[in-house]
Structures are given as C-alpha cells and as structure tokens.
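Subject: A structure to look at

Hello,

I am passing a structure on to you, followed by some notes on what turned up in it. Please have a look at it first and then read on.

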Amino acid sequence: MEKETVLKVSSLDVFYKNRKRKLFSKQSKKIQALFDVSFEVQEGEVLAIAGESGCGKSTLARAIVGINKDYEGVIWQKYGDPQMVFQDPYNSLNPAKKVGWLLEEPLKVDKKRKWTKEERQQRVKEIMEEIELPLNMLERYPSQLSGGQRQRVCIGIALMRNPKLLIADEPVSALDVTIQAQIMELLRNLHKKLGISIIFISHDLRVVYQISDHVMVMKNGRIVEYGATKDVYRNPQAEYTKQLLKAAGITR
Amino acid sequence: MKKISFKKIIKDPYLAIGILIMGLVLLMIIVGFFWTPYDPTKMSASEKLQGISLRHIMGTDNMGRDVFSRVMYGSRVTLLIAMGTIIIGAGLGTIIGAVTGYYGGVIDEVAMRIIDALFAFPSILLALVIVSVFGVGWMQLVVSLGIAFVPSFARIVRGEVLRCKDMDYIQNARLQGVGSLRMIFVHILPNIKGVLASSILIGFNNAVLAEAGLSYLGVGSQPPYASLGRMLSDAQQYMFTRPSYVMCPGIVIVLMVLGFAFLGEGIKRWE
Ligand SMILES: Nc1ncnc2c1ncn2[C@@H]1O[C@H](COP(=O)(O)OP(=O)(O)O)[C@@H](O)[C@H]1O
Ligand SMILES: [Mg+2]
C-alpha cells in the first residue's frame, strides 16, 4: 500500500531576532537557526528528530505548528491544525485552571465546528480514558498532579480535536526514567490506536529507537542524517551520528 | 490552589489582624446605615466641643454635632470614595497594563512612557491637578483619584503579563487557536489575581490617605456629609483646645489603613 505524505518541508530556513544586538550596531538583525531543512512525514509514521540540545529541534517544531513565523522555504501540510506536546509539563499547563477546563478549551475555541457542552464533556471523558487518568482528576489543578500525570494531560489536550499530526517535543526529557517508560508506552499505544503521524523529538537516542520508523539527526541547524531507524542505528553514515550512538552506549 | 479554611486564616497573624480590624470598621459602617447615636448633621449651640463622655463617646465638634455619629458616617464616605477610586484605577490600569504588555511593540512603548511620566508625580499631586480641571465634588474626586491610580496598576499588571505571556502554556493555548482577548482575560489574568488582590488592598490604603489629603486641602468631599479626611481638616484648628475631636477620626483612618495593609500583606503571603 502506497502511503501518503502528510507533511513536506522544503528548504526551510528559520530566523530569530538577534536579542543581543545593540541599537545601530553593524551586527545583523537576525540569527538563522535552521539551514535548508527538507524532509517528509508519511501518513501514520513516527519520525524521530534527534540531536544535541541547541541544534534546532524545537525551532523546527515551532515552525511547523506556526509559532515561529519568520521562515523561508515551504511547509506543506495535508491536514492543518497540527498539535504539540511541550517538553516541560510543569510549564505547559495553565496553573490557574483545572484539568477538566484545560481539556475542554481546545473544543471551545475550535474554529471548525461548535461543540455543545454535552459533546465537550463526552469528548473529555473519552480522552481521559485514552490518557489513562481517572475522571476525578478533572477537578484537580495542575499543581496537584505528578509530572507524568501532567504530561498525560498535555497529550490529552493535544489530542482533543483529533489532529492528524502530533509533534512531541522531548515529551519525556523532564521525567524520571520509570515515568518516561510509561509515557512512551502511552504514546506507542495511542499511535497504534489512532493511526496518527507523530514527530517525536528527543536528544536521547535510546528513547528514539523504541518508537520511530524513521530518524533524522540534526546538528547546528542542519540535517546530517536521515533514514529508516534500524538502518541508521545499524549503519550510520554521518560521523556525527556515530558519535551520538557511541555516546548513548548503543554502539562501541 | 489552597482551600480557604478558618484554621489557616487564624494561623496567619497578618490575615487574622487584618480581618479583625476591617471587620470592626465594616461593622461600624454597616450599623451606621441604620442607626447612629445622633443625627450626624444636627447642630447644637449648647454642646460645642465637648470632650469624651458617656453621652458623646467621641465628644462633639465645633458645631455641637456628635463626633461618633459623624465618624460612622464619614467612614462610609471614605470607604466608598476609596472603593470608587480603586474600581476606576484598578479597572483601567488592569486593562491598559494587560493590553500593552500582551501586544508589546509601539503601543506598549508609548503607553509606558506616558505612564512613567505620570508615575513621576505622587498620586495625590496628580489628583490635585485633575480635580482642578474637573472641579470640586465627590464624583469629580472619585474620577480624579481613580485616574491618578491608573499608572501604578498598569505597571504592576503589565509586568505580570510580560512574565506570563512567554510561558509554554500560553504558547500552547495560542496553538489551539485561543484569540488575543480570550488569552488576556481568561488565560493570563487569572494567574495574576493574587498580585492584583494585594495591590488592590494596598491601593485602598493609598486611596484612603489620598482622599484624606485632598479633603484636608479642601478639595475633597463637601460638608455637611464629610469624609474622615474632611473631618480631620475641620478639626485641626481645635487640635489643642479639644484634642479628642482630631484624634477620633484620625484613629479610625489609621485603623482602616492598618487593616488594609495587614490584609494586603496576608494575601501576598497566602499566595
Ligand atoms: N526565541 C529565540 N530567540 C533567539 N534564539 C533562539 C530562540 N529560541 C532558540 N534560539 C536559538 O536557536 C537555536 C536552536 O534552539 P532550539 O530549537 O531550542 O534547540 P533544541 O530544541 O534542539 O535544543 C539555539 O542556538 C538557540 O539559542
Ligand atoms: Mg528543545
């Protein structure tokens, strides 16, 4: 069966304002964070993006979902409305709102359709089941949840409107190892069940191996390696990938 | 979010003292709506400038009016003026601070330079200038004081909004398609309600003092229904002949200010 492309990124350059630049200085106003990035994501696959911190993984994710607006190149999406799970679950939930409210919000501001209160609550219940949290947690504030539970809520919020593409930006990096395994398990199950495409970002190559079909390795804002995960791990092409695998204790 | 429980309030001395003082003051004001020992406006030539006695527990003023009755009434005037001031000051200040902080850019720059310039004057001086434009009267007084209080609230709220707006949870909400107004008022403002609450109480304090100051200068509330500040101003010439006449309204002002200060501090610590 021929798979369809859901995301196609071509020759993407992303820029940030140069915050350190002084007024009237000759330094350029912008700094470029991504250079000529091109890749595709197929329907239903998990693409992992790996690379040390600061290489531009989050920059790429934020460009795809539309937070980073200053870019050149083309980001083509089959469906639109991609959603994102952020790295730090302690920062990505509004501390003034209860879990139930947070889950309902994406439906309240849905531009595609109106949801009645009953429909919203029904959907919230479904999602709570998907993210494996008991319904009594709907009444809790984020501060009353553990890191793992918070990240489940973040995943739930991202899934509320049934996105076809989910970007998970280091979703387990801020969590303990045992909790990491549980969240990875949850993501794998959701992926199997919902059949959505996922871009999974991580600096940890051991985590990447567990979940991805393809892997893309980045360094200093450029792609240095791309391939099927097994091939890349067995037979890395780029010197940088070899170093990373060695550092992760996967190859000797 | 912490549950509000009686035990916790009692444990925090600031909150407990604040609530106690404000409770007493409020009780006096509420009773004053229904009953005062004497008619606060009734003059009596035979009972001028009496001292503290069982008949007049705060004595009488230079026109023979019962000071306690007038304090009960005056506290109400002072509190209402302070409330009006805060509603205008905190309301406008919050909107200006939140909008400029959230949008940033040119609007923010311009608004903040104006606010900075206004902030350079003490609010009482600012209010004095505004009163001289609008004229004397209690409506004008409330509006002037309210405007004078806008800068401090705008600054506080703007700072808090700036702190919040780059948080992941705001980016996350933007990603879901939350519009700007909903973002400011539904997503951001609930996060700064603690800071806002304690600023409002401190603002109350300053409003009570500013009103007293303006009344003292003769541009505040008008007789015969005088605010506490006005009473103080009227009483000053009898400071040495009948000290109780100055001290009684003075003490009530001090109590109000202390009550608000303790409450504000208590709420700040509660957060
Ligand atoms: N808001 C920003 N303004 C300016 N530079 C930024 C900003 N965010 C990230 N950068 C820079 O862009 C580069 C890539 O950052 P990022 O995408 O966050 O890396 P990663 O997610 O891979 O750790 C880094 O050099 C970082 O300093
Ligand atoms: Mg990152």
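In chain B, helix α3 (residues 67-103) packs against helix α10 (residues 228-235) at an angle of about 135°, and their axes are 7 Å apart. Axes here are lines fitted to C-alpha atoms, for helices over the stretch in contact, and angles run from 0 to 180 degrees between N-to-C directions. That angle makes α3(B) oblique to α10(B); angles under 35 degrees count as roughly parallel, over 145 as roughly antiparallel, 65 to 115 as roughly perpendicular, and the rest as oblique. On the α3(B) side the residues are B:Val67, B:Arg70, B:Val71, B:Gly74, B:Ser75 and B:Thr78, and they meet B:Leu228, B:Gly229 and B:Met231 in α10(B), where contact means heavy atoms within 4.5 Å. By class, this contact has four nonpolar, four polar and one charged residues. Ala, Val, Leu, Ile, Met, Phe, Trp, Tyr, Cys and Pro count as nonpolar, Asp, Glu, Lys and Arg as charged, and the others, Gly among them, as polar.

Before going further, a word on how to read all this. This is a predicted model, in which local features need pLDDT of at least 70, side-chain atom pairs count only at pLDDT 80 or more, and totals for chains, interfaces and linings use all residues. Residues are numbered from 1 along each chain as its sequence is written, chains are lettered from A and ligands numbered from 1 in the order in which they are written, and side-chain values use heavy atoms, with hydrogens and water left out. Helices (H or I, at least four residues) and strands (E, at least two) are DSSP runs, numbered from the N terminus.

Also in chain B, B:Gly135 is found in the loop between α5 (123-134) and α6 (138-165). B:Gly135 is partly exposed, with a relative accessible area of 25%; buried means under 20% relative accessible area, exposed over 50%, and partly exposed in between (1.4 Å probe, protein chains only). The C-alpha atoms of B:Gly135 and B:Val219 are separated by 8.6 Å, although these residues are 84 apart along the chain.

Now to chain A and its sheets. Three strands form an open antiparallel sheet in the order β2-β1-β4, where two strands pair if DSSP finds at least two bridges between them. β2 (30-42) and β4 (71-77) are the edge strands, each pairing on one side only. On average, neighbouring strands of this sheet are turned by 15° against each other, direction ignored. Strand β1 (residues 5-17) is joined to β2(A) by nine bridges, and the two run antiparallel; A:Val14 stands opposite A:Leu34 in β2(A). Helix α1 (residues 57-65) of chain A packs on this sheet and touches β1, β2 and β4, its direction making about 115° with that of β1(A).

The other sheet in chain A is open and mixed, with six strands in the order β5-β6-β7-β3-β8-β9. β5 (83-85) and β9 stand at its edges with a single partner strand each, so one side of each is left without a neighbour in the sheet. The twist averages 20° from one strand to the next. Strand β3 (residues 46-50) runs parallel to β8(A), joined by four bridges, and A:Ala50 has A:Val217 in β8(A) as its bridge partner. A:Val217 is in turn the bridge partner of A:Glu225 in β9(A). β8(A) and β9(A) pair in the antiparallel sense over six bridges, and A:Lys219 stands opposite A:Arg222.

These two strands form a hairpin with two residues between them, and A:Asn220 in the turn has a positive phi of about 45°. A:Glu170 also has a positive phi of about 45° although it is not a glycine. Most residues other than glycine have a negative phi. A:Glu170 lies in the loop between β6 (165-169) and α5 (177-194) of chain A and is buried, with a relative accessible area of 5%.

Finally, α4(A) lies across β5 and β6 of chain A, running at about 175° to β5(A). Helix α2 (residues 99-108) and helix α4 (residues 147-159) of chain A pack at an angle of about 25°, with their axes 8 Å apart, and are therefore roughly parallel to each other. A:Val99, A:Leu102, A:Leu103 and A:Pro106 in α2(A) meet A:Val153, A:Gly156 and A:Ile157 in α4(A). The residues of this contact divide into six nonpolar, one polar and no charged.

Best wishes
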